[in-house]
Amino acid sequence: MNVENNRVVSIEFTLTDGEGKSLDATEPGKPLDYLHGARNLLPGLEQALTGREIGDSISVTISPEEGFGVVNPDLIQTVPAEAFQGVDNIEPGMAFEAKGPGGEVEHVIVEAVDGDQVRINANHPLAGVTLNFDVKVVAIREADESEISHGHVH
Ligand code: ZN
């Protein structure tokens, strides 16, 4: 059986960045199940898996443009600490949710604190990062109708 649309594919993967730093991986014996053709994965990764068989291993490099986007400098801002009401200690690495210009929820990370000035970054954490996936196909099955209509694995 090949990897095709409307099939549930189980993969083991490791994800590293352009410098070889580990970003994510499946645990041994706990593959990720996804519905192929439903955009559950990044398009470049899904495309590379199309037609593969159980046991196949592939390496896929996805540029920031095809992945989570390039870093948008407009999304890095310095704001006064008083913008964080109810937070006593603002420290680098803290994550907050904020309302974006269109009312959408943005996830912002505190990058630096300098006195009462806080630099925040609302880019996706993987923006600007080259993604190297090493993927092994471990199982494939036909999706059932409810999975296909929902667009995800049950
Ligand atoms: Zn569902």
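Here are some friendly notes on this predicted model, point by point.

1. **Ground rules.** Because the model is predicted, local features need pLDDT of at least 70 and side-chain atom pairs count only at pLDDT 80 or more, while totals for chains, interfaces and linings use all residues. Numbering runs from 1 along each chain as its sequence is written, and side-chain values use heavy atoms, with hydrogens and water left out.

2. **Domains.** The domain assignment gives domain 1 as 7–68 + 127–150 and domain 2 as 73–121; such bounds come from an automatic or database domain assignment. Taken over C-alpha atoms, the centres of domain 1 and domain 2 are separated by 32 Å.

3. Helices (H or I, at least four residues) and strands (E, at least two) are DSSP runs, numbered from the N terminus. Two strands pair if DSSP finds at least two bridges between them. Strand β8 (residues 117–121) pairs with β5 (residues 76–80) in the antiparallel sense over 5 bridges, and Pro80 has Gln117 in β8 as its bridge partner.

4. **Asn132.** This residue belongs to strand β9 (residues 131–142). Neighbours within four places in sequence aside, Asn132 is in contact (heavy atoms within 4.5 Å) with Thr14, Leu15, Thr16, Asp17, Gly18, Val60 and Thr61. With Thr61, the side chains of the two residues make a polar contact at 2.9 Å. A polar contact is a pair of N or O atoms within 3.5 Å; within protein, one must be able to donate a hydrogen and the other to accept it, and residues adjacent in sequence count only if both atoms are side-chain atoms. Val108 is 24 residues from Asn132 along the chain, and their C-alpha atoms are 25 Å apart.

5. **Zinc site.** Which atoms coordinate the zinc ion? The donors are His150 (ND1), His152 (NE2) and His154 (NE2), at 1.9 to 2.2 Å, and their spacing along the chain is H-x1-H-x1-H. Donors are N, O and S atoms within 2.8 Å of the metal (3.2 Å for Na, K and Ca); water is not among the atoms, so sites may look incomplete. On accessibility, buried means under 20% relative accessible area, exposed over 50% and partly exposed in between (1.4 Å probe, protein chains only). His152 is partly exposed at 36%, whereas His154 is exposed at 51%.

6. Two residues to look at here are Asn6 and Arg39. Asn6, in the segment before β1 (7–16), has a positive phi of about 65° and is partly exposed at 35% relative accessibility. Arg39 has phi near 55°; it sits in the loop between β3 (32–35) and α1 (43–49) and is exposed at 64%.

7. **Aromatic pairs.** The structure holds 2 aromatic pairs. In one of them, the ring centres of Phe84 and Phe96 are 4.9 Å apart and the planes stand at 55°, so the pair is tilted. This pair links distant parts of the chain, 12 residues apart: Phe84 in the loop between β5 and β6 (95–99), Phe96 in strand β6. Both Phe84 and Phe96 are buried. Rings of Phe, Tyr and Trp (its six-membered ring) pair if their centres lie within 6.5 Å; planes under 30 degrees apart count as stacked, over 60 as edge-to-face and the rest as tilted.
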